[in-house]
Amino acid sequence: MRFSEILRSKPEASAFLMLAVMTLLFTFLSPAFLTYNNFQIVLQPIPEIALVAIGVTILMISGEFDLSVGSVFALSPMIMVLALGAGMPLVLAMLLGLCAAIAVALINAAITLRLGLPSFIATLGTLFMARSIAIVAAGGFPPAFPRDLDLWWIVGKVDLLRVSVFWLLAIGILLGIVLRKFDFGSWIFATGGNRQAARDMGINTARVKTICFILCSSLAGFAGMIQTFRIKAMVPTMGTGFELTAIAAAVIGGAALTGGIGSVTGAVIGALLIAFIENIIILMRIDANWFRFAVGAMIVIAVAINKLTRDWAGISKQVEDDND
């Protein structure tokens with residue numbers, strides 16, 4: 001496969017190149033960056049960030065947005081912890097928390113698809129509503145987190161990695177296979193690429209988008225549970241701003257704002273890049289207020305690189321076709 005074909009078929013290719021360049025640059029800037037102890041710290045929050053980014057990416061591929069993921073990130077574990085406090089078993093409490101995430105997703109889908117409002121507006125509304133419910137449910141104080149839970153199977157440590165990294169890998173591989181190898185994955189790309197053409201092909205685009213909303217919200221809820229288990233505390237305001245971080249990771253990873261383009265691998269790479277930027281700022285003792293500036297610059301650079309590489313790949317393809 002030629003390089004131009006890779007750029008056309010792999011939206012995460014440019015993000016991977018950026019990751020390699022950034023890793024080399026950051027290692028040069030700080031010898032402590034590429035060390036065992038540092039990566040133990042860097043990789044701890046990666047599953048939470050990447051899972052939300054994967055869900056947002058898949059929804060963006062279908063042509064929609066979800067700004068409520070940051071609030072769902074807090075709402076689902078809040079419901080779970082309250083259920084645990086009432087004596088419910090861990091697995092059932094987790095399922096109840098995920099049901100809350102699914103309920104938010106169904107509301108988002110109904111407002112977007114039934115009422116015809118842009119998903120940006122619909123999910124902006126549910127962002128505030130879900131956050132308010134999480135805070136009200138807490139009664140003004142963070143609920144007590146049970147200390148007698150066996151959480152090794154979710155956030156236990158295996159040398160450098162936490163078990164949550166393996167959850168991320170399993171979910172990422174599964175969803176990556178679905179996107180690339182199954183008909184439903186093709187329907188998601190078709191729906192986001194050209195909804196009317198997808199309808200003409202017999203694809204139920206409303207159902208596809210609804211499932212993507214549910215998947216996106218469920219991953220955000222599960223990610224919130226992982227963070228709650230990791231820090232062993234439930235804070236109603238956690239996840240604030242995660243929606244923008246997730247969209248940033250998706251865009252940096254090659255997802256198109258117009259839909260029809262993106263990948264699970266790109267979402268994970270985008271999350272890694274954001275974590276690397278935050279880490280190098282800490283290591284170099286730079287004012288933390290520059291972090292968002294760096295992420296914003298990374299978004300602009302990533303979108304510019306993706307556009308230039310796709311344009312170049314398209315020109316290369318046209319030249320090849322003309323030569324043939």
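Begin by selecting helix α13, residues 242–252. Nine of its eleven residues are buried, so the helix is largely enclosed by the rest of the structure. Here, buried means under 20% relative accessible area, exposed means over 50%, and partly exposed lies in between, with a 1.4 Å probe and protein chains only. Helices are DSSP runs of H or I with at least four residues, strands are runs of E with at least two, and both are numbered from the N terminus.

Before moving on, please note that this is a predicted model, in which local features need pLDDT of at least 70, side-chain atom pairs count only at pLDDT 80 or more, and totals for chains, interfaces and linings use all residues. Residues are numbered from 1 along each chain as its sequence is written, and side-chain values use heavy atoms, with hydrogens and water left out.

Which residues of α13 are buried? They are Phe 242, Glu 243, Ala 246, Ile 247, Ala 248, Ala 249, Ala 250, Val 251 and Ile 252. After α13 comes Gly 254, which has a positive phi near 105 degrees.

**The loops with positive phi**

Most residues other than glycine have a negative phi. Select Lys 232, in the loop between α12 (205–231) and α13. Lys 232 is not glycine, yet its phi is positive, near 55 degrees. Its relative accessible area of 37% makes Lys 232 partly exposed.

Next, select Arg 285, in the loop that joins α14 (264–283) to α15 (290–323). Arg 285, also a residue other than glycine, has a positive phi near 55 degrees. Is Arg 285 buried or exposed? With a relative accessibility of 79%, Arg 285 counts as exposed.

**Helix α5 and Ser 76**

Now move to helix α5, residues 69–85, and select Ser 76 within it. Ser 76 is buried, with a relative accessible area of 0%. What does the side chain of Ser 76 reach? It reaches the backbone oxygen of Gly 97, at 2.8 Å. Such a polar contact is a pair of N or O atoms within 3.5 Å; within protein, one must be able to donate a hydrogen and the other to accept it, and residues adjacent in sequence count only if both atoms are side-chain atoms. Show the surroundings of Ser 76 as well: leaving aside neighbours within four places in sequence, Ser 76 is in contact with Gly 97, Leu 98, Ala 101, Gly 221 and Met 225. Contact means heavy atoms within 4.5 Å.

**Helix α11 and Arg 195**

Select Arg 195, in helix α11 (residues 195–200). Arg 195 counts as partly exposed, at 28% relative accessibility. Apart from neighbours within four places in sequence, the residues in contact with Arg 195 are Leu 113, Ala 190, Thr 205, Ala 206 and Lys 209.

**The whole chain**

The C-alpha trace spans about 70 × 55 × 35 Å along its principal axes. Of the 324 residues in the chain, 51% are buried. Among contacts between residues at least 6 apart in sequence, 76% join residues at least 24 apart.
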